[in-house]
Amino acid sequence: MDLVETWRNALGELQVTLSKANFETWFKTTFIFEYKKGVFTIGVPTFFVEDWLKKKYLKDIQKALQNQIDDPIQLIKFKIATPQANQIISLDKDSVIHRAVDKPQPKIQSSSVQILTENPMLIDNYIFSTFVVGPSNQLAFAAAGAVVEKPGSQYNPLFIYGDSGLGKTHLMQAIGHAFLAKYPEKKVLYVSTETFVNDFIQAVSAGFGKAKDFKNRYRNVDLLLIDDVQFLSSKEGTQDEFFHTFNHLHQNKKQVILTADRVPKDIKGLEIRLKTRFEGGMVCDVGHPDLETREAILHQKAKAMGKQIDSKILTLIAQNVKSSIRELEGALNKFLATCELTNSEMTEAKAMEVLNNLIEEKQQYITPELVIREVHRYFRIGIEDLLGQKRTKELVLPRQITMYLLRHECNMSFPEIGRKMGGKDHSTIMHGTEKIEKNISMDHRLKEDLNLIKEKIHASYN
């Protein structure tokens, strides 16, 4: 057997099923090190490449090699090795796939994601079964399921918005996984907006050929998933290309899923024509989970990690961490790590110690002064007016929002907030905070105001 020619032919098959970036990244400088009694040993440059090929491409490699030989393959192994000069294989874009003429080719449907950019893959754990559904995300979850059942129909695009760390990316990628399970022959592309922008800039800089490749890459898909589209803001050239990409997919009844941290009309610097198209499908939010949902998330996380944790401890964490799912899981991870590293028992007291440390760490960064500064900048009112005694109508909402943020972002008591806001009575502070808490789920404008202010606050210390 000519091992070089066998591997050349196998690579030819792999080349047409993988993106150029993935093919060059993972198969460059690979070769057949040896073949003995049905066992192929593939030479690879690093342990990292070996691990990735084992996890992601082992079946593809075996299928491609099996197509080159008659005897059944018993095993494929890997070895860190450097190819000799005559073992280095270079395949150009138009290389011919060689197969035995008299050997029938089975029709095999691939269930892997067709990755068309540098992002390696959809995250394995981001599937519907690991997404905890509650009142704050019920509509978005239902819409995601409907998209998988009838892609490219009434919910096109599906636009999911909400604060960072609440599960937008998880839900988006779950659609990708479910879509591929239902339609294994279809092509899915998931990228962040940053990747889309960078790909576009590189394509334009490289000239016509690369620009054509870029268009083929993003338009030759059945499901396009774009994360964080708010970062298209003020990028005029990229927005123009995105507009034409979106139109091409939409007109051909290909499904588009988008996420952002706010509704389309509130994304400043986004062209009107894009806003109207984003709003032309289904727009739904992923909100902050309630206590029961936070507890369910922690129970599921603990189960996935194989940890037996007392429900009272999980409730304690859920009661004290409310800002995002990401921080909720981070608190659980820190609790488990602390217990393991200090050889401590998992108790409520230990959980409270960890939570107090997290709260103190957060308070060191998010100060009352930072909150007050961002509220006054957002509403364009003077700090003296915000903290003063004037009772004009335009000051009521900014003051109540300030009270709410000082309570939830700085963990201040009502008397402390009262003193910080010009000596106001603690009952006034309590009323203002409760007013925001009550209205946040019903008042879309209020929710957007809070999200934008919190974004500015967190951006100031991240």
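**Reading helix packing and cores**

Analyst: Please keep in mind that this is a predicted model.

User: Which hand does the crossing of helix 10 and helix 12 have, and which residues make the contact?

Analyst: The crossing is right-handed. Helix 10 contributes Arg294, Ile297, Leu298, Lys301 and Ala302, while helix 12 contributes Ile325, Leu328, Glu329, Leu332 and Asn333.

User: How are helix 14 and helix 16 oriented to each other?

Analyst: Angles over 145 degrees count as roughly antiparallel. The axes of helix 14 (residues 368–379) and helix 16 (residues 393–409) cross at roughly 150° and come within 10 Å, and these two helices are therefore roughly antiparallel to each other. Their crossing is right-handed. On helix 14 the contact is made by Pro368, Val371, Ile372, Val375 and Phe379, and on helix 16 by Leu397, Pro398, Ile401, Thr402, Leu405 and Leu406. The residues of this contact divide into ten nonpolar, one polar and no charged.

User: Which residues of the largest nonpolar core touch the most other members?

Analyst: In soluble globular proteins, nonpolar side chains tend to be buried together. Here the largest nonpolar core has 27 residues, and those touching the most other members are Phe159, Val229, Phe242, Leu258 and Phe278. Among the elements that each supply at least two residues of this core are strand 4 (158–161), helix 8 (236–251), strand 7 (255–260) and helix 9 (272–278). Leaving aside neighbours within four places in sequence, Phe278 is in contact with residues including Phe159, Val229, Phe242, Phe246 and Leu258. There is also a second, separate core of 26 residues, which includes Phe23, Phe31, Ile42 and Leu65.

User: Does serine 136 count as buried or exposed, and what is serine 136 in contact with?

Analyst: A residue counts as buried when its relative accessible area is under 20%. Serine 136 has 15% relative accessibility and so counts as buried, although its place is in the loop between strand 3 (75–80) and helix 4 (138–149). Leaving aside neighbours within four places in sequence, serine 136 is in contact with Asp285, Val286, Gly287, His288 and Pro289.

Conventions
Residues numbered from 1 in each chain as written. Predicted model: local features only at pLDDT ≥ 70, side-chain atom pairs only at ≥ 80, totals over all residues. Heavy atoms only, no water. Axes fitted to C-alpha atoms, helices over the stretch in contact; angles between N-to-C directions. Helix = DSSP H or I, 4+ residues; strand = E, 2+ residues; numbered from the N terminus. Parallel < 35°, antiparallel > 145°, perpendicular 65-115°, else oblique. Left-handed = near helix turned anticlockwise from the far one by under 90°. Contact = heavy atoms within 4.5 Å. Nonpolar A, V, L, I, M, F, W, Y, C, P; charged D, E, K, R; others polar. Core = buried A, V, L, I, M, F, W, Y, C linked by side-chain atoms within 4.5 Å. Buried < 20%, exposed > 50% of the residue type's maximum accessible area, 1.4 Å probe, protein only.
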